[in-house]
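Look over the sequence and the 3D view below.

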Amino acid sequence: MKREERYRRILEYFRREMPNVDTELHFDSTFQLLVAVVLSAQCTDKRVNMVTPQLFAHYPDAHTMAQATDEDILHYISSVSYPNSKARHLVALSQMLVERYGGEVPCDMDALMQLPGVGRKTANVMQAVAFGQAAMAVDTHVFRVSHRLGLVTSSATTPLKVEQQLVKYIPEEDIPLAHHWLLLHGRYVCTSRNPHCNSCPLSDLCPKPVNKTI
């Protein structure tokens, strides 16, 4: 099957089955989304959603969080992965937002990536979710599913290379949703261990099903 046909059929499935998909993180503002995405690095959304209600109740915006100490933030996020570095990053990025942007989150990619704790994936999530831009965030789920479904070649050995190949074939209007499509498929169907190949609706399009009974 040619790659263009593979993309066409897979995207048709996702458009039909997940037309209004969105992030599973809970937030009430662009700033809170940024905080939640930073916390979600190498951590589940479920765990992040458990800690953010109390965190946001005390520090709802950049101005209040900029006044906190690392220890203040650590108290609320101690159960997430790498809590010490994330607490440090959240205080520092809040201070930078206040100093440079009046407490608002910038939409520019370069500006986002200058914030402490914000890498390319986080910046892409913010651009897609908060600002509706055609940005493709590649996390571990997207990376894995893209390879398994044959959407990218074996030469796509880094998240950036996967991102570049995906945006080459995915229509611009689909890109903000495509991250969620691939992520959720990886989170609930095409899991890292014991993927549910026998019940996967895309198994017929999968070049090498990992766990399919013939």
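How many aromatic pairs does a search of the whole structure find? It finds four. Rings of Phe, Tyr and Trp (its six-membered ring) pair if their centres lie within 6.5 Å; planes under 30 degrees apart count as stacked, over 60 as edge-to-face and the rest as tilted.

## About the model

This is a predicted model: local features need pLDDT of at least 70, side-chain atom pairs count only at pLDDT 80 or more, and totals for chains, interfaces and linings use all residues. Residues are numbered from 1 along each chain as its sequence is written, and side-chain values use heavy atoms, with hydrogens and water left out.

## Aromatic pairs

A pair of aromatic rings is described by the distance of the centres and the angle of the planes. Take tyrosine 7 and tyrosine 169. Their ring centres are 4.9 Å apart and their planes are at 20°, so this pair is stacked. Tyrosine 7 belongs to helix H1 (residues 3-17) and tyrosine 169 to helix H10 (residues 159-169), so the pair ties together parts that are 162 residues apart in sequence. Helices here are DSSP runs (H or I, at least four residues), strands are runs of E (at least two), and both are numbered from the N terminus. Tyrosine 7 is buried, at 2% relative accessibility. Tyrosine 169 is partly exposed, at 24%. Buried means under 20% relative accessible area, exposed over 50%, and partly exposed in between (1.4 Å probe, protein chains only).

Now take phenylalanine 14 and tryptophan 181. Their ring centres lie 5.8 Å apart with planes at 10°, so this pair is stacked. Phenylalanine 14 is in helix H1 and tryptophan 181 in helix H11 (residues 175-188), so the pair ties together parts that are 167 residues apart in sequence. Phenylalanine 14 and tryptophan 181 are both buried. Ring pairs also link Tyr13, Phe14 and Trp181 into a cluster.

## The whole chain

The chain has 11 helices and zero strands. Its radius of gyration is 18 Å, close to the 17 Å that the globule rule gives for 214 residues, so the chain is as compact as a globular protein of that length. The radius is taken over C-alpha atoms, and the rule is 2.2 Å times the number of residues to the power 0.38. Along the principal axes, the C-alpha atoms fill a box of roughly 60 × 30 × 30 Å.

Of the 214 residues, 49% are buried. Among contacts (heavy atoms within 4.5 Å) between residues at least 6 apart in sequence, 60% join residues at least 24 apart.

## Two packed helices

Two packed helices are described by the angle between their axes and the distance between the axes. H3 and H5 pack at about 145°, with axes 8 Å apart. Axes are lines fitted to C-alpha atoms, for helices over the stretch in contact, and angles run from 0 to 180 degrees between N-to-C directions. H3 contributes Val51, Gln54, Leu55 and His58 to the contact, while H5 contributes Ile73, Tyr76 and Ile77.

## Positive phi in two loops

Most residues other than glycine have a negative phi. Glutamine 42 has a positive phi, near 55°. Glutamine 42 sits in the loop between helix H2 (30-39) and helix H3 (45-58). At 66% relative accessibility, glutamine 42 is exposed.

Tyrosine 82 also has a positive phi, near 50°. The loop that holds tyrosine 82 runs between helix H5 (70-77) and helix H6 (83-101). Tyrosine 82 is exposed, at 51% relative accessibility.
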